[in-house]
Amino acid sequence: MHHDLINYILSVLKPFHHYFPHMDTGKSAVIIGAGIGGITTAIFLAKEGYKVSVYEKNSGPGGRCGQIVRDGHRFDLGATIYLMPEIYREVFQSLGITPEESFESVPLETLYRVYYEDGTQIAFTTNKDKLREQLESIEKGSFEKSQIMQQEGYKLFQLAINKLIGRNFYTLFDFVTLKNALLLLKLKTYIRHVTYIRKFFRNENLRTTFTFQNIYVGQDPFRAPALFSMIPAAELTEGSLFPIGGMFSITRKLLSVAEGLGVRFIYNEPVIQIKIEDRRASGIILQNGSTIRASVVVANADLPYVYRELLPDKAVSGRIDRMRYTCSAIVLHWGLDKRYPELGHHSVFLSKDYRANLKRIFREQSLSDSPSFYIHAPVRSDPSAAPDGYDTMSVIIPSGHLREDQEQNWNDLKNKARAFILERLKKQGLTDLEEHIRFEICYLPQTWKSIYNLSRGATFGSLGHNIFQMGYFRPHNKHRRYRNLYFTGGSTHPGNGIPLVLFSARLTSERIIKDNQHE
């Protein structure tokens with residue numbers, strides 16, 4: 001009878017819950033952070049009947065899938081390309097979203113053009129005839145070998161999705177099995193990507209063309225496992241798309257679906273603590289002192305930051321701090337009053353001494369005097385990214401991340417890199433580009449840390465990927481001790497990059513629903 005009385009009281013008060021945001025009624029979830037992981041998790045939970053509120057420290061949604069618009073120029077803040085479209089399709093369909101009906105996308109036949117300092121250019125394209133002509137002109141027999149590599153890499157991709165990336169590991173014994181040991185061998189986690197690629201190509205430029213993609217997830221191609229040959233293989237097999245309106249159009253669609261399901265988004269509200277009571281997370285404490293209670297708490301904020309700043313788990317935080325982190329990036333967003341057709345949608349410029357360049361980034365946590373970089377020029381596919389006759393460019397320069405034990409003059413490194421890039425672009429015919437920069441918006445490693453609470457300013461999702469930071473060994477999406485505290489995003493299972501973050505949201509939601517189905 002007591003239980004019936006409580007349910008009756010809650011049912012009477014439920015219509016007034018909007019006026020009492022600190023009150024927890026039944027199936028409620030509070031999510032820290034309105035990134036892709038947080039918004040997608042909110043949709044999954046709302047569809048299961050949860051009353052969901054999302055608290056975001058910044059003024060708008062998206063996190064690193066956000067957007068800046070200034071004087072008619074539009075800049076994506078993180079990912080600039082819609083890779084692995086089948087993962088998007090799979091997760092979106094489970095949300096009731098049909099990508100083709102939700103946003104207009106342009107297929108990119110040439111994913112990017114790679115420029116080498118020796119004058120070599122390679123258009124990385126899904127057009128097999130064009131790819132064959134280029135590869136064979138550099139190394140005889142290389143095209144057929146590239147096709148074998150693509151087939152093998154795509155099999156790794158499918159195997160990883162089905163057996164490693166796309167599933168939860170609830171216990172150590174789910175992961176450490178004879179079958180999974182054999183799986184890790186099949187996934188080529190025991191061999192480095194650069195070693196593996198040598199069996200396909202002799203030419204150093206070709207080897208680099210098919211391995212530099214490790215930078216997408218912020219890791220060193222010379223230390224990454226051969227599993228990541230799945231990235232260029234998936235690019236060439238599935239192709240890539242560019243959504244009209246930029247990558248933020250994906251954020252916008254997910255936000256619309258979430259709000260349609262009643263999810264509340266509260267911006268400019270930093271969370272300073274996850275409230276712990278009796279081995280449970282009872283809610284969150286905001287910077288303004290308010291306590292928001294909920295039956296489930298999900299952290300979409302950077303996981304190392306959450307453990308270090310929002311939880312009392314100092315021992316666990318210390319272990320996470322000792323893990324391997326991704327690199328950072330210096331980003332220059334340029335609004336230009338002239339168009340430069342010399343560059344395509346994506347242009348990758350790789351430095352002459354590529355390996356030494358990577359050593360400066362990953363070993364010394366700094367930046368080479370002649371860095372590699374890539375340029376995103378979306379006007380080629382979407383004229384609305386700039387005013388008529390103008391151009392919009394984002395220059396992304398992978399760099400070391402922040403270190404407390406090392407003095408790093410990032411402004412000086414930025415200025416040197418900027419000067420080098422302008423000189424490098426002059427060789428491509430962009431001789432007057434600097435004169436036509438209307439404005440520049442610069443992101444340094446400390447900018448990523450300040451705006452997004454990214455530990456060490458590690459732009460690509462904080463924690464890197466190696467065999468001991470994958471699967472069950474990656475920080476879990478459920479807290480070991482606090483049974484109703486969960487994590488979603490790039491630094492938990494399965495990993496970083498928007499496709500994997502979408503998987504993260506689905507897997508975390510599955511776990512929440514499974515854990516609470518009898519409550």
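# Salt bridges, sheets and a surface patch

Reader: Which residue does Lys416 meet in a salt bridge?

Author: Asp412, at 3.6 Å from N to O. A salt bridge here is a side-chain nitrogen of Lys or Arg within 4 Å of a carboxyl oxygen of Asp or Glu. This is a predicted model, where local features need pLDDT of at least 70, side-chain atom pairs count only at pLDDT 80 or more, and totals for chains, interfaces and linings use all residues. Residues are numbered from 1 along each chain as its sequence is written, and side-chain values use heavy atoms, with hydrogens and water left out.

Reader: How far apart are Lys416 and Asp412 in helix α16?

Author: Four residues, so about one helical turn separates them in α16 (residues 410-426). Helices (H or I, at least four residues) and strands (E, at least two) are DSSP runs, numbered from the N terminus.

Reader: What does Arg418 pair with?

Author: Glu440, with the closest N and O atoms 2.7 Å apart. That pair links distant parts of the chain, since Glu440 sits in strand β18 (residues 437-443) and Arg418 in helix α16, 22 residues apart. Arg418 counts as buried at 18%, while Glu440 is partly exposed at 26%.

Reader: How many salt bridges does the rule give?

Author: The count is 22. One of them joins Arg506 to Glu510, with N and O 3.9 Å apart. These two are four residues apart in helix α18 (residues 498-516), which means about one helical turn lies between them. Arg506 is buried at 13%, and Glu510 is partly exposed at 37%.

Reader: Which residues are linked in a network with Arg506?

Author: Glu90 and Glu510; salt bridges link the three.

Reader: Switching to sheets. What lies under α18?

Author: α18 lies across β13 and β19, at about 160° to β19. Contact means heavy atoms within 4.5 Å; axes are lines fitted to C-alpha atoms, for helices over the stretch in contact, and angles run from 0 to 180 degrees between N-to-C directions.

Reader: What's the strand order in the open sheet?

Author: β9-β2-β1-β13-β19, five strands with parallel pairing. Two strands pair if DSSP finds at least two bridges between them. β9 (264-266) and β19 are the edges; each has a single partner strand, so one side of each has no neighbour in the sheet. Neighbouring strands are turned by 20° against each other on average, direction ignored.

Reader: How many bridges join β13 to β19?

Author: Three, with β13 (residues 296-299) running parallel to β19. Val298 stands opposite Tyr486 in β19.

Reader: How many residues of β17 are buried?

Author: Nine of its nine, in a strand covering residues 391-399. Both faces are covered, with Met393 and Val395 among the buried residues on one side and Thr392 and Ile396 among those on the other.

Reader: Last one: which residues form the nonpolar patch on the surface?

Author: Leu172, Phe173, Val176, Phe468 and Phe473, with about 540 Å² of accessible area together. Phe473 is in the loop between α17 (445-452) and β19 (485-487) and is partly exposed at 32%. Patches are made of residues with over 30% relative accessible area and no salt bridge, joining like charges within 9 Å and nonpolar side chains (Val, Leu, Ile, Met, Phe, Trp, Tyr) within 5 Å. Accessible areas come from the Shrake-Rupley method with a 1.4 Å probe; for residues, only the protein chains shown count as cover.

Terms used: Buried means under 20% relative accessible area, exposed over 50%, partly exposed in between (1.4 Å probe, protein chains only).
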